[in-house]
Amino acid sequence: MIAESGHYALVLALGLALIQSVVPLIGARLHDTALMNVARSTALAQLLFVGASFMALVMLHVSSDFSVANVYENSHSMKPLLYKITGVWGNHEGSMLLWVSILALFGGLVAAFGNNLPLSLRAHVLSVQGWIASAFYLFILMTSNPFLRITSPPLEGRDLNPVLQDIGLAVHPPMLYLGYVGFSISFSFAIAALMEGRIDAAWARWVRPWTLVAWIFLTLGIAMGSYWAYYELGWGGWWFWDPVENASLMPWLAGTALLHSALVMEKRNALKVWTILLSILTFSLSLLGTFLVRSGVITSVHAFATDPTRGVFILLILCLFIGGSLALFAGRATSLKQGGLFAPISREGALVLNNLLLTVACAVVLFGTLYPLAMEMLADFKMSVGAPFYNLTFAPLFALLLFAVPFGPMLAWKRGDLLGVTQRLLAAGVASLVAIAIAWAWARGGSALAPLAIGLGVFVIAGAVTDIVERTGLVRLPFATVLNRARGLPRSAWGTTLAHAGLGVALIGIVCETTWNSEYIATMKQSDVAHVAGYDVKLDRLFQRQGPNYREMIAEFNVSRDGETLSMMTPSKRSFTTRGSSTTEAALLTRGASQLYVSLGDATAEGAIAVRIYYKPMVLLIWWGPVLMAFGGVLSLSDRRLRVGAPKPARAKQRLQPAE
Amino acid sequence: MTRKQRRMTIIGGSLAVLALAAALVLNALRDSIVFFSTPTMVAEKHVEPGKRFRLGGLVQPGSLQRGDNLAVTFEVADGNAKLPVAYKGILPDLFREGQGVVAEGALDSNGVFKADTVLAKHDETYMPKDVADALKKQGHWKDDYDAKASEAKASDAKASGGSKPAATAAQGNPQGAVR
C-alpha cells in the first residue's frame, strides 16, 4: 500500500505542477489576482505531496519491503537503520525523487515567504518552477519509478554499494542537491524578469538571498563530497577532476559569479543583462551536472545504449530548458534597460573582473569535461583529461582571480583609487612576502611554486582582514570605538571577509597537502614499524570481526613520536558478503590541521598485510576553507538587507514604482 | 573617460582574459591528454615507449604474480592480444583476475607496461565502461560478459538467499520482471 500511495502522491504532484505551470501565467496575462494566487497554493500542495511520496520511499526502505524493486536492489535487512534511510538517495530513482522534493521545497519556500514579492512576479516565478518540476516528475514516472513492484518478492535485498554505506553519503547528496536545485530559484526569477520584460535593483535584492542559500549548500556539499572521497576511497585523494566532480564545480563557479554580479545590480543597478544570463547559465550547468551524473554518459557516450530512455529524456529536458531560456534571453534581453555607468577601476570593475575570471575558469572546466565526450563521438577515440590539464589551465586563471580578490572589496563604488588601495594593502603584501620567505627557507629550496602559492594564500587572508581592520579602525582608534564600529558594520562585510579568507585558507591547505605530503607503502608484519614524517607507526595486531552486514579485518597500529605514544589507529578492510565487494576504512589521526592517514591493502598468506600510510600536512585546511566560506555566506544572509522574508523596506517599494 | 572608452576597456579586458584562457587550453591540450588503448590497439599502433596512455582490458586469469614489497605483475588481455603490466603498490579493492581493469602509465623499452595507477572505477558489474565498449567493438566479448554477469548475479542471489534454495530461484525472476 505504501508504495502505491507514494506513487499516487507523485502523480498528484505532477498534476499540481502542471496546473502551477499554466494557470498563474494566464492569471498574470489577465491581471487576475485569484488565478495568480493559484501558484501559491499549488506550490505548497505540491511540496506536501512530493514530501509524502518521499516519506513513503523512506518507509519502504526502513521496513525493508523487498517487494519493491528499488528497495530490493539497494537495501538489505541487516543494514543499519541510518544507511537504510540514506540508501534512499544512494541510487538513481531515489536520488531523482530527492531532487524533485528539494525543488518542491524551494518552490514552497518562495510561495510561503514571497509575500513581499509583486504578485505577478511571484506568479511567473512559481510558474517557471512548475515547468521544471513537471519535466522532472514526468522523467521519474516514465523512466525511473522508484515504486515499481516485483511480482514474486525475494526474501533478501541486494544491499547498497558498500562504498556508499557511510555517514558522508548521508549528508553529501542532500547538500549538493540543495545547492544545485537552489539555483533553480534564480533561474525562475530570471525567466520571470524576461517574460515580464522588466528588471530593477529590487529584483536583485530578492534573488540574492536565494542564490546565497544555494551557494552555501553547494559549497558545503562539494567540501563534504571531497572529504568523503578522501577518507572512504582509501588512497587519500580529495579531488580527482572527475567529470562528476566537475559537474558540481561548474555551477559553483557560475553561482559564485552570479552572487557577485547580483551585488553590482543591487547596489548600482548595472550589469542587469549579464546577471540574468548568469542566472540562466548557473542553473543550466546544474541541469547539465544532473544529466552527466544521472544518464551514465560520463564514462562513455555509449551508455545510452544500455539505458537509452533515461539519457535521452534528460537530454531532452536539458535542451528544452537551456535552449528555451537562452532563446528567450536572446529575444528579450535587448528590451531590458541598461543600467548605470562606472569606471573600469572601481568596485564594479573589480566585480566584472571577478565574473570574467570565474566564468572563463568555468568554461575551461566545461571544455575539459565535454572535450573527451565530443572526441569520442566525433573522432571515435577515447582519452581522459585529468589533473595535468587543469593544473595548466584552471590553476593560473584561479591564481589571477585570487590575486585580485583583496583589491575588490577595498575599491570604492563608481570610481576607485587603485594606488590608494595598493598602499593600504601594503601590510598584507609584506605578510605574504614573509610567508613566502619562511616557506621557502623551511622547504630548503625545492619548487618555487609552492612558497609563492602559499604567499598568495596569505595575501588573500591578510587582504580580507585588512579590509575589516580598516573599516573598524583597529590600529588607529581607541578600543571602545573599534568595538562600537565592529558592531555597527553590516554583517555582510564580515561575511565577505570570512568567505574571502576561506579561499586563502583552502589554497594553503591544497598547496601544503600536494607539495609536502609523505607516503609510505609496504607490506607489514606484526611488530613492524614504519617511519613516516617523524612518526613511528607500529603494527600491533591483526584480527577479524563480524559487523552487521560485513566482516572486517582490523589492524591495530600504535603511533608514537620521539618514543612517546600518541594514539592507537585501527584501519580496517570490510568485505560485504551480499555484493561480494570490499571497502577500505582508513584510520585518521588529526594533529592540528595535519593528519596521519593509514589504510589497508590485501593480506598475504603469511599474516602480513599491505599498508598505506600518508602524512598529510595542513590537509584539513582544504575543508576548513569552504566551511569558512559557507559561514561567511550565512553571516551575509543574516544581514538585515537580505534576510529572507524580512519586512520590505519602504525604499524598495518606492523603487518599484517607476518600473511599473 | 567617455562611455565608449569605458565599454572598450571592458571588452578589451574580456578578450584578453579569453585569449589567455584559450592559450592555456591549447598549450595544455598538447601534452596533458591521456589516450585510452586496449592491448590490440597497442599491438597495432606500435606505441612508442615512454608515451603515457591508459590501458584497459581484462586481467588475464592466472597471470597475477606478487613480488617483493608490493610489486605485482599481471597481464591485460582483450581477446586478441595480451600485454604484461608491472605495478608497485596496493591494488584497488575491486581488482580481480578475469575482470576489467584500467591502468595508467607507459611502456618501457622491453614492451612491459609500467603502470603508476590502477583504477578501480567500476560499476557494480565490475566492468569499467571504457573496457566494455572497447571489447564490444571488437565483437569479442559481449556474450562472454553476459554469461559472466548472470553468473555473478546467480552467486549474488545464492549468498543473500542463505539456506533456502527456493529463494534463489525466486530471485532470478524479479530481474527479468523489472527490467
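Trainee: Is the crossing of H5(A) and H7(A) left-handed or right-handed?

Mentor: In this predicted model, H5(A) and H7(A) cross in a right-handed sense.

Trainee: Why is H5(A) called oblique to H7(A)?

Mentor: Helix H5 (residues 92–113) of chain A packs against helix H7 (residues 167–196) of chain A at an angle of about 50 degrees, and their axes are 9 Å apart. Angles under 35 degrees count as roughly parallel and those from 65 to 115 as roughly perpendicular; the angle here therefore makes H5(A) oblique to H7(A).

Trainee: Which residues of H5(A) and H7(A) meet?

Mentor: From H5(A) come Ser95(A), Leu98(A), Trp99(A), Ile102(A), Leu103(A), Phe106(A) and Val110(A). Their counterparts in H7(A) include Pro173(A), Tyr177(A), Val181(A), Gly182(A) and Ile185(A). The residues of this contact comprise 12 nonpolar, three polar and no charged.

Trainee: Where in chain B is confidence lowest, and where is it highest?

Mentor: Helix H5 (residues 165–178) of chain B has the lowest, with a mean of 33, whereas strand E5 (residues 82–88) of chain B has the highest, at 90. For chain B the mean pLDDT is 70, with 65% of its residues reaching 70 or more.

Trainee: How many contacts does the stretch of residues 141–179 of chain B have beyond near neighbours in sequence?

Mentor: The model gives that stretch 44 such contacts, although its pLDDT is below 50. Where pLDDT is low, the predicted coordinates should not be read in detail.

Trainee: What are the ipTM and pTM scores of the model?

Mentor: The ipTM is 0.78 and the pTM is 0.87.

Technical notes
Residues numbered from 1 in each chain as written. Chains lettered and ligands numbered in written order. Predicted model: local features only at pLDDT ≥ 70, side-chain atom pairs only at ≥ 80, totals over all residues. Axes fitted to C-alpha atoms, helices over the stretch in contact; angles between N-to-C directions. Helix = DSSP H or I, 4+ residues; strand = E, 2+ residues; numbered from the N terminus. Parallel < 35°, antiparallel > 145°, perpendicular 65-115°, else oblique. Left-handed = near helix turned anticlockwise from the far one by under 90°. Contact = placed C-beta atoms within 7 Å. Nonpolar A, V, L, I, M, F, W, Y, C, P; charged D, E, K, R; others polar. pLDDT = per-residue confidence, 0-100.
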